[in-house]
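I opened the notebook for a look at how this assembly packs. Here are my entries, in the order I made them.

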Amino acid sequence: MIVPLTHVLILAGIIFVMGLACAIAWRNNLIMILIGIEIMLNAAMLAFVGGGAHWRLVDGQVFSLVIMALTSSEVSLALSMVVYLHRRKKTVSADEFSEMKG
Amino acid sequence: MEQIFFYILAAVVLIATLLAITERHAVHAIVYLATSFFALAGIFYLLGAPLIAVFEVIIYAGAIMVLFLFVIMMLDMGQPEKARGPSLKQWWPALLLGAVILVAMSALFVTNVPETLAGWSYTDAREFSRVLFRKYGVAVEVISLQLLFALVGALYLGRRKLP
């Protein structure tokens, strides 16, 4: 560990807050919501890797690999759903998809 | 020496992420985000996780961001004149929640004295894969099933309607 764990956690917390702000502020745009989720998951990965480096355990890196696989499958599904919805209504605005059988 | 690199890379990550979430042109936001992920990969390497740094560059900056770019270009959302950023009315709940989280976090960290640790722990691929496949073998199976399900779901959603 080259820096205190606190600094790593502060960095991860600030990145997480940025991702949360992105997902909340751009809540009209499906693509930007997905980008905010990406940023939040990256912050979680940073916290896992920092904890693993602090306690000298490899488990943190394994969990960040699991998060990475989760993210890739989530993004592929969500983007295919965005393409599907765009094919139906020609927009990516989240307000347009408020009913189930649109 | 590594401390200085860590703080420089942390500044790059924060600035690039801030530019990405305030950029109203989606393609520019993706490029800023790729920069942020490259800097984050450097941080992972400095924290002694070279394999995770490599995966970050390959999967995040290489695959996921390119997937986002493909979808943005395919849906023809690249025009900056049509893009409309969030107004101030949409920003303030985000800023309020973010401020609450940051204040709570700083109040938590002020009470703890930061401990400085010496030494450089470095995990090579042999140790990583030993833990991954011996201790978490079931997790690897679950991940592979999950990727298969995501593949099938994406194929189902992306199919052309037959007449």
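I took a nonpolar core to be a set of buried Ala, Val, Leu, Ile, Met, Phe, Trp, Tyr and Cys residues joined through C-beta atoms within 7 Å, where buried asks for 20 or more other C-beta atoms within 10 Å of a residue's own, with C-beta atoms placed from the backbone. This is a predicted model: local features need pLDDT of at least 70 and side-chain atom pairs pLDDT 80 or more, while totals for chains, interfaces and linings use all residues. Residues are numbered from 1 along each chain as written, with chains lettered from A and ligands numbered from 1 in written order.

**Core.** I looked up the largest nonpolar core, which has 71 residues; Ile15(A), Cys22(A), Leu46(A) and Phe44(B) touch the most other members. Its largest share, 15 residues, comes from α2(A) (helices are DSSP runs of H or I, at least four residues, numbered from the N terminus).

**Phe44(B).** Leaving out residues up to four places away in sequence, I found that Phe44(B) touches Val49(A), Ala49(B), Ile52(B), Ala53(B) and Glu56(B). Contact here means backbone-placed C-beta atoms within 7 Å.

**Interface.** I noted that 52 residues of chain A are in contact with 66 residues of chain B. On the chain A side, α3(A) gives the largest share, 21 residues.

**Helix pair.** I checked α1(B) and α2(B): their axes, lines fitted to C-alpha atoms over the stretch in contact, come within 8 Å and cross at roughly 160°. The two are therefore roughly antiparallel, a label for angles over 145 degrees. Among the residues meeting there are Phe5(B) and Leu9(B) from α1(B), and Leu33(B) and Leu40(B) from α2(B).

Note on methods: Contact = placed C-beta atoms within 7 Å. Axes fitted to C-alpha atoms, helices over the stretch in contact; angles between N-to-C directions. Parallel < 35°, antiparallel > 145°, perpendicular 65-115°, else oblique. Buried ≥ 20, exposed ≤ 12 C-beta atoms within 10 Å, placed from the backbone.
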